Amino acid sequence: MTTFTLGRRALIAAIAAMGIAGPAAADGHQMLDSIHFLIPGGAGGGWDGTARGTGEALTKSGLVGTASYENMSGGGGGKAIGYLIENAESSHNTLMVNSTPIIIRSLTGVFPQNFRDLTLVAGTIGDYAAIVVGKDSPVNSMEDLLAAYDEDPSNTAIGGGSVPGGMDHLVAAMVMEAAGKDALGVKYIPYDAGGKAMAALLSGEIAALSTGFSEAVDLAEAGEVKIIGVTSEERIPAAPDAMTMMEQGIDTSFVNWRGFFGAPGLPEAEKAKYQEAIAKMYDTPEWEEVRARNGWVNIHNSGDDFQAFLEKQEKEIGDLMKKLGFL
């Protein structure tokens, strides 16, 4: 009698071949064996949370077998972009997470590449922006804020948690420009942390604060602020009473999207598998748990739609940055 001894990998392969490798493989549900996520920033940031949350949903739902993660900080995200380009041939199993800064930082020359140097896979989530005022402010709407600005521009400063030319500043300028005001005339005061910006708002140092919608919702629920305008096209269920800019006659919208890119030259068939897995992820309870926990908004742009979205944002941000003197 001959005895065969199977190693662990051989045993798994044999079981899979017999069609009993578990529910995901048995019903054809699993779409990818593995994904490696490249994260251009450190642990705990927005990019890190997006990659790990997406990986969690994909693996727990059975759409992907395993997910691994690699944090690669440096160069405002440029180090990871350069790495993915330089190692394109060996990075077909890698998705890099990024967001609006890939637009802003490529425009300002922080790094020489832009999104066109990568394979566009899909935009997945977003965080709209909001303008908020202190809970005791006499301002209750964008109309009130614009009236205060018209009466005394120098004492109607808008603050934000990013540097001049950063996202909070650009959003404030974009909104005021769309309201018919001169973006160059808007007094923007930057703060290096959200807590300092909030203290400035509550003390009256600034009239309003430009911030992310998810942060604004938390502050409003805590009774610290009133949301007077959101940059979404429609009202958001998380804050149904908060009016959009468009509802108030200010024709502008903005979202700080987050999404995924592959290496340049990624084969079309492999890109399609990533796109299909991400599309199916939205219908899983595992994704809804991750999304709700993080307060994300589903914004799914895939392939050509993703490219059109990025090109539109690039033009809008570029035009505004030129006007403000940052380009």
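What share of the contacts in the chain with a separation of 6 or more is accounted for by residues 24 or more positions apart? In this predicted model, such residues account for 77% of those contacts. The chain holds 12 helices and 10 strands, and its C-alpha trace spans about 95 × 40 × 30 Å along the principal axes.

Of the 327 residues in the chain, 48% are buried. The largest nonpolar core comprises 46 residues, among which Met96, Ile102, Met142, Phe261 and Leu310 touch the most other members. Two or more residues of this core are given by each of the helices α4 (78-86), α5 (101-107), α6 (142-151), α7 (167-178) and α12 (304-324), and likewise by the strands β4 (119-134) and β9 (255-262); the most, 7 residues, come from α7. When residues up to four places away in sequence are not counted, Ile102 is in contact with Ile81, Phe111, Phe115, Leu118 and Trp257.

The chain carries 23 positive and 42 negative charges, and the mean position of the positive charges lies 5 Å from that of the negative charges.

Methods:
Residues numbered from 1 in each chain as written. Predicted model: local features only at pLDDT ≥ 70, side-chain atom pairs only at ≥ 80, totals over all residues. Heavy atoms only, no water. Core = buried A, V, L, I, M, F, W, Y, C linked by side-chain atoms within 4.5 Å. Buried < 20%, exposed > 50% of the residue type's maximum accessible area, 1.4 Å probe, protein only. Helix = DSSP H or I, 4+ residues; strand = E, 2+ residues; numbered from the N terminus. Contact = heavy atoms within 4.5 Å. Lys, Arg positive; Asp, Glu negative; His and termini not counted. Charge placed at Lys NZ, Arg CZ, Asp CG, Glu CD.
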